[in-house]
Amino acid sequence: MQIIVQAGQAEQTINKSHFVAIAEYCADERAVGMSLRRLAAAHQSAHHLAYAFRLKTPQGIVQRFSDAGEPSGTAGKPVLQFLEGRDLINVCVGVIRYYGGINLGTGGLARAYGGTAKMALDAASIGPFIEMQKVRLDLDYKQLDTFTRDVARMQGEILGKAFAEYVTVIAAVPASEIPYLQQKYG
């Protein structure tokens, strides 16, 4: 599985219709909604906003698409197929269309929406998905700085600290690193 590390954008004009696409990381459906609202606000005079997204949730992968009033399966579905083909998760791709007065037909629409989405994905930086998991540890005060550096090195995040006889720390770290942390600090 892969994620988008840095968003990508693309534009193209096909038979006088102008297409604008953005591909970006979205952690959840709320982030997808915010991303699509930003895109729609930036292109208020556009005729269509088709999109597709795939999210990894505790219940599995959730994926949806919208054809935005275009004929069924001609806008959002080709975009979703690129997301599935590249095994991308936690990603949203929105494609705006400014109608140019020439009908593209169902095949032309699918190629235009899918092609613009592909260009945006090609422009994005893609990296591996790392499953994060929470870990709770009780540390001596003198271990806290070293632990903080270890968490930062593995691209984790300290979510909370409680100070008492020991420092109780909750951190989100790559799941593969938890045995190492438990052995070193546990």
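Modeller: The largest pocket has a lining of 15 residues, and those nearest its centre are Tyr 25, Asn 90, Phe 129, Ile 130 and Met 132. A pocket here is an open set of points on a 1 Å grid over the protein atoms alone, with protein on both sides within 12 Å along at least five of seven lines, and lining residues have an atom within 4 Å of a point. This is a predicted model, in which local features need pLDDT of at least 70 and side-chain atom pairs pLDDT 80 or more, while totals for chains, interfaces and linings use all residues. Residues are numbered from 1 along each chain as its sequence is written, and side-chain values use heavy atoms, with hydrogens and water left out.

Biologist: How much space lies in the largest pocket?

Modeller: About 480 Å³. That volume is the space filled by probe spheres set on the grid points, which are joined across faces, edges and corners.

Biologist: And what classes of residue has the lining?

Modeller: Ten are nonpolar, three polar and two charged. Ala, Val, Leu, Ile, Met, Phe, Trp, Tyr, Cys and Pro count as nonpolar, Asp, Glu, Lys and Arg as charged, and the others, Gly among them, as polar.

Biologist: Changing topic: how many disulfides are there?

Modeller: The count is zero, a disulfide being a pair of cysteine sulfur atoms within 2.5 Å. Cys 26 is in none, and the nearest cysteine sulfur, in Cys 92, is 4.8 Å away.

Biologist: Is Cys 26 buried or exposed? And Cys 92, buried or exposed?

Modeller: Cys 26 is buried, at 2% relative accessible area, and Cys 92 is buried at 1%. Buried means under 20% relative accessible area, exposed over 50% and partly exposed in between, with a 1.4 Å probe and protein chains only.

Biologist: Now helix H4. Which of its residues are buried?

Modeller: In H4, residues 144-153, the buried ones are Leu 144, Phe 147, Asp 150 and Val 151. Seen down the axis, they fall within an arc of 125 degrees, so they line one face of the helix. The arc is taken over the directions from the helix axis to the C-beta atoms. Helices (H or I, at least four residues) and strands (E, at least two) are DSSP runs, numbered from the N terminus.

Biologist: What do the buried residues of H4 pack against?

Modeller: Strands S8 (132-139), S9 (157-163) and S10 (167-174), together with helix H5 (178-185). On the other side of H4, Asp 145, Arg 149 and Ala 152 are exposed.

Biologist: And what of H5: which residues are buried?

Modeller: Ile 178, Leu 181 and Tyr 185. Pro 179 and Gln 183 are exposed on the face turned away from the buried side.

Biologist: Where is Met 154 found, and what is it in contact with?

Modeller: Met 154 is in the loop between H4 and S9 and is buried, with a relative accessible area of 6%. Leaving aside neighbours within four places in sequence, its contacts (heavy atoms within 4.5 Å) are Val 173, Pro 174, Glu 177, Tyr 180 and Leu 181. Met 154 and Glu 177 are 23 residues apart in sequence and 7.9 Å apart in space, C-alpha to C-alpha.

Methods: On a 1 Å grid over the protein atoms alone, a cavity is a set of points where a 1.4 Å probe fits but cannot get out, and a pocket is an open set with protein on both sides within 12 Å along at least five of seven lines; lining residues have an atom within 4 Å of a point.
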